[in-house]
Amino acid sequence: GTTQIRLLNTVSYVSEADQMALFTYFAQSMRRVLTVRGDDFEGACGDLRDMRLEVPGMSMMRASWAAPYLALAIQMEILQAIERRDVCRAARYGKILTRKSAEAGLVDYPTAMNIKQLARKAVTHAAWEEADNCWNGDELHGLQQHISPPLCLFDDDAVMDRVKLHIEQAAAQLRESGYAVIDALLGDPWAAALPQAFKRMACEMEDRFVSGELEVTGQSHEKARGDKILWLDGLDVKHPLPSQLTQLLQKTIGAVLSSALNERGEQPPLADASGAIADSMFAIYSPSEGGFVRHLDNAGQDDLRRVSAVYYLSDCSHGEGGELILYPEENRNAEDDNNHDVNDAKTENGVLVVPRLDRLVLFWSNKVPHEVVALTEDAPEDRLALSYWYRSRLSSSAVGIDEELSPLRDYVEGIK
């Protein structure tokens, strides 16, 4: 189907025809790069980065948009190597290129891990062991498994299983109550490592933060919204932990949540993790700088956002402000509310959720009004959170794209 691309307050669309043209472009370019560079991975990375900036007819092509098509190109190389019974080549792409591509910010980790699993399934166990002998660079990765925390969040199988179980349970709660709160989503040592990583990134990228805007007007208004925000695509190699958490929200949690809700008959169905390509929002609320007035995330009929996600990277205590107040259609009972620091009397039947490190909150974007309480002047630190929105599936017929106009398709046709 048509892929929705959302950047800040703008939405554009990549039609099915252009998606095929994108894949063809990246597949052909990938083949050329591999032929020329061979085992020169650093050189190949540079060529692939340049390739993303030269997509015909798409001058605003961004890294996060290109990643899925580049991943498909890598996957095609693996499948073709397997078809030729070139086990060493298949193993090399499945174990090296995809992971290193993720480390280099060319594709995301979940996609890289999925391609690796594809290679493992396609090659027999005996052949895979034989392939291990074709490349002896796994020693470093083996050492990384014993580092706490591991180099990559997605290498921690226990955490991945834990997250998937949490999200599957949250999907049922979301349908029942309109929201879900998950505590200790990742657990230590990840939860302890993330705040410092985000703070370091905030210091290094201070000049890229902007004042939060109101969806209706597209303008900032400090009395209505007091946060500073930074949009993250999840492919910033200089800040690996923030990028990995961004990818976790976008891909891993998105895939599990859409599957769980769609299996329960949610209508309209949620888009899969690759069906809506969007940035995550890193928001900082500072003491006495204002909160965010009561609002709906979904701005109207053309807004496809269905589920809002907020992951907290800091703690707030009662009386310091920073709380998220949800106003679901039906309140949960008081016994459940107490599990998540709720005070119905204070919030006039709203559900008050106190920020807690490693806490994830999910709620309907189009049904649950909410607000953020301003931090008090004596609050000891900023309120940090990473937000993402999961969207409804979109059919190409709903977009009205002229399939006859495609510079990409013209380019592909011209080089066949």
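In which loop is Asp207 found? In this predicted model, Asp207 sits in the loop that runs between H9 and strand S4 (210–211). With a relative accessibility of 69%, Asp207 counts as exposed, because the cut-off for that class is over 50%. Its C-alpha atom is separated by 9.7 Å from that of Leu230, a residue 23 positions away along the chain.

**Overall composition**

The chain contains twelve helices and 14 strands. Of its 416 residues, 52% are buried. Among contacts in the chain with a separation of 6 or more, 77% are between residues 24 or more positions apart.

**Helix H2**

Helix H2 covers residues 41–52. Its twelve residues, at 1.5 Å a residue, should span 16 Å, and the end C-alpha atoms are 17 Å apart, which agrees. The buried residues of H2 are Phe41, Gly43, Ala44, Cys45, Leu48, Met51 and Arg52. An α-helix has 3.6 residues a turn, so residues three or four places apart point the same way.

**Packing around helix H10**

Two packed helices are described by the angle between their axes and the distance between the axes. Helix H10 (residues 240–263) packs with helix H9 (residues 190–204) at an angle of about 115 degrees, the axes being 8 Å apart. H9 is therefore roughly perpendicular to H10. The crossing of H9 past H10 is left-handed. On the H9 side, the contact involves Trp190, Ala193, Leu194, Ala197, Phe198 and Met201, which meet Leu241, Pro242, Gln244 and Leu245 of H10. By class, this contact of H9 with H10 has nine nonpolar residues, one polar residue and no charged residues.

Helix H8 (residues 157–177) also packs with H10: their axes come within 9 Å and cross at roughly 50 degrees. That angle makes H8 oblique to H10. The crossing of H8 and H10 is right-handed. H8 contributes Met160, Val163, Lys164, Ile167, Glu168, Ala171, Leu174 and Arg175, while H10 contributes Leu248, Thr252, Ile253, Val256, Leu257, Ala260 and Leu261. By class, the contact of H8 with H10 has eleven nonpolar, one polar and three charged residues.

Ala172 also lies in helix H8. At 32% relative accessibility, Ala172 counts as partly exposed. The C-alpha atoms of Ala172 and Leu257 are separated by 9.9 Å, although the two residues are 85 positions apart along the chain.

**Backbone geometry in the loops**

Most residues other than glycine have a negative phi, and most peptide bonds are trans. The following table lists backbone features that depart from this pattern.

| Feature | Value |
|---|---|
| Asp188–Pro189, cis peptide bond | omega about 5 degrees |
| Gln267–Pro268, cis peptide bond | omega near -10 degrees |
| Ala184, positive phi | phi about 55 degrees |
| Ser288, positive phi | phi about 60 degrees |

Pro189 is found in the loop between strand S3 (179–182) and H9, and Ala184 is placed in the loop between S3 and H9 as well. Ala184 is partly exposed, with a relative accessible area of 33%. Pro268 lies in the loop between H10 and strand S6 (276–278). Ser288 is located in the loop that links strand S7 (280–285) and strand S8 (292–295). Ser288 is also partly exposed, with a relative accessible area of 44%.

How values were computed
Residues numbered from 1 in each chain as written. Predicted model: local features only at pLDDT ≥ 70, side-chain atom pairs only at ≥ 80, totals over all residues. Heavy atoms only, no water. Helix = DSSP H or I, 4+ residues; strand = E, 2+ residues; numbered from the N terminus. Expected span 1.5 Å × (residues − 1). Buried < 20%, exposed > 50% of the residue type's maximum accessible area, 1.4 Å probe, protein only. Axes fitted to C-alpha atoms, helices over the stretch in contact; angles between N-to-C directions. Parallel < 35°, antiparallel > 145°, perpendicular 65-115°, else oblique. Left-handed = near helix turned anticlockwise from the far one by under 90°. Contact = heavy atoms within 4.5 Å. Nonpolar A, V, L, I, M, F, W, Y, C, P; charged D, E, K, R; others polar.
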